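This report looks at how the parts of one structure are arranged and where they meet. Please keep the sequence and the model in view while reading.

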Amino acid sequence: MISRLEVQETNKMIQESKLDVRTITMGISLMDCLDSDIKKLTTKIYDKITKNAKDLVKTGDEIGNEFGVPIVNKRISVTPISLVGGGCGSSGYVEIAKTLDRAAKEVGVNFIGGYSALVQKGCTKGDQDLINSIPEALSITERVCSSVNVGSSRYGINMDTVRQLGQTIKEMAFLTKNESSIACAKFVVFCNAVEDNPFMAGAFHGIGERDLVINVGVSGPGVVKRALEDVRGADFETVCETVKKTAFKITRVGQLVAQEASKRLGVPFGIIDLSLAPTPAVGDSIAEIFNEMGLEHAGAPGTTAALAMLNDNVKKGGVMASSYVGGLSGAFIPVSEDHGMIDAVNVGALSLEKLEAMTCVCSVGLDMVAIPGDTSAETISGIIADEMAIGMVNNKTTAVRIIPVIGKNVGDTVEFGGLLGYAPIMPVNKFSCEAFIKRGGRIPAPIHSFKN
Amino acid sequence: MKGIITVVGKDQVGIIAKVCTYLAEEKINILDISQTIVSGWFNMMMVVDLSNCGNKFEDVVVGLNKLGEEIGVDIRLQREDIFNNMHRI
């Protein structure tokens, strides 16, 4: 029988260390909604989402209450919309975005992901129309999230689209300049995007997935930090073992919640995403884990090694705790959503370049980074290209969610609110990459033997 | 269905009596109780069986929370599975 100490340990994790299940995300395929008539298409999309997800929020809350563990977000991911709306011409996409937003509000989820296109090798007309519509779609909707996959280890990087996305990001920043350029916080550029990611803004329901699926994202940086407090000064073996055991326990909760949600909703269980996802709350921070490991601030020399170790041991511990692991699975390092990272930027410990190095060893990439609003589109494309190259060469998922905040400069702070947090504006390298970005075309896939 | 009830708060007369009365009214059977007092702080764990309880699990959670507020202690009811899953392979 369970002992009182074990009960206390679990409840301390929940109450003091902010253990929660970060998201239950229902993946919904929209392939059976296809229609060349935009009215019929949007009606079918709305009906399919609201019918299948009508109990998602209620069920999530019920499970949370019964187990006594908060389930913070309930969300939906759908088939990449570039595929769904391809028959409706360019004007149809924005209508679909509005429909997704309405459906999300109807069922009460806070985000719906999948306003997406997969263009690693090139764009179809539908892909191009969708990408062209992103600034408008994200600025007039509230809950729709968008992503574009521009590269993969298999096919290289589509630099034409990378070039365009620099302008796309600038445009959506401008369109939402009165709301801290918030549209950019709902848009991710990927290399090697995964099809079963439950986390926003990059979630979409891959075309290799079944009709409906439940994916769950766990969290718990606070629990890892608390566990490491007990082994202060111990060697790396002890640190790794502690992280592994903690990740195992966290993931078991996620697995339990996922199975229960799957059973109650009558929707098959897909995967658990083993990510350590921070929030702006104190005690729920990846940077605090670095502090506990012995780094004065995130970004100090040793940070990349610390992150590599953390990321690997979260996976090692988590994999055995779940029957199916997928998604992004690793530690997230969003700047605005982690007060320790924000502090590190404020004291000058963490630069964009160091963040880029850190993304080589963790999921996912440059995430929720605020930069000056006058940064050029080409420079943003250059930052994206660098991050995509890291993913392509290292066979990993990388992403860029960057926000050029119109009207703000280095030294200013921008407030996004809620889970998206707040961020100091980070300085960007001033030297130009314009001629490089203007070349256009594709970067071919890398060779994967002769590794050195 | 089994649940775990934890009660934490400043010690006073009648905590167990009040919790047990509530459980009896809800037809919830107590399988195990362990309790200690450390520096005046009351700390109890109960394993209970809710198979014969007519109300929904969630409603009992809310009922116990309310009772806790009345007494001035923190009462939580959680399904046993979360502890088994976390601490047993």
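## Two domains of chain A

In this predicted model, the centres of domain 1 of chain A and domain 2 of chain A, taken over C-alpha atoms, are separated by 22 Å. The domain assignment places domain 1 at residues 22–191 and domain 2 at residues 214–434 of chain A.

Where the two domains meet, 41 residues of domain 1 of chain A are in contact with 43 residues of domain 2 of chain A. Several elements of chain A each supply at least two residues of the domain 1 side, including strand 1 (21–28), helix 3 (56–67) and strand 4 (144–152), while helix 7 of chain A provides the largest share of that side, 10 residues. By class, the residues on this side of domain 1 divide into 23 nonpolar, 13 polar and five charged.

## The largest nonpolar core

The largest nonpolar core has 167 residues, and those with the most contacts inside it are A:I112, A:I214, A:V257 and A:I402. Helix 9 of chain A, residues 236–265, gives the most to this core, with 10 residues, and the core draws at least three residues from each of domain 1 and domain 2 of chain A.

Leaving aside neighbours within four places in sequence, A:I402 is in contact with several residues, among them A:I169, A:C184 and A:L366.

## Where chain B meets chain A

Between the chains, 20 residues of chain B are in contact with 18 residues of chain A. Helix 3 of chain B gives the most to the side of chain B that touches chain A, with seven residues, and this side of chain B has eight nonpolar, six polar and six charged residues.

Key. Residues are numbered from 1 along each chain as its sequence is written. Chains are lettered from A and ligands numbered from 1 in the order in which they are written. This is a predicted model: local features need pLDDT of at least 70, side-chain atom pairs count only at pLDDT 80 or more; totals for chains, interfaces and linings use all residues. Two residues are in contact if their C-beta atoms, placed from the backbone, lie within 7 Å. Helices (H or I, at least four residues) and strands (E, at least two) are DSSP runs, numbered from the N terminus. Ala, Val, Leu, Ile, Met, Phe, Trp, Tyr, Cys and Pro count as nonpolar, Asp, Glu, Lys and Arg as charged, and the others, Gly among them, as polar. A nonpolar core is a set of buried Ala, Val, Leu, Ile, Met, Phe, Trp, Tyr and Cys residues joined through C-beta atoms within 7 Å. A residue is buried if 20 or more other C-beta atoms lie within 10 Å of its own, exposed if 12 or fewer, and partly exposed in between; C-beta atoms are placed from the backbone. Domain bounds come from an automatic or database domain assignment.
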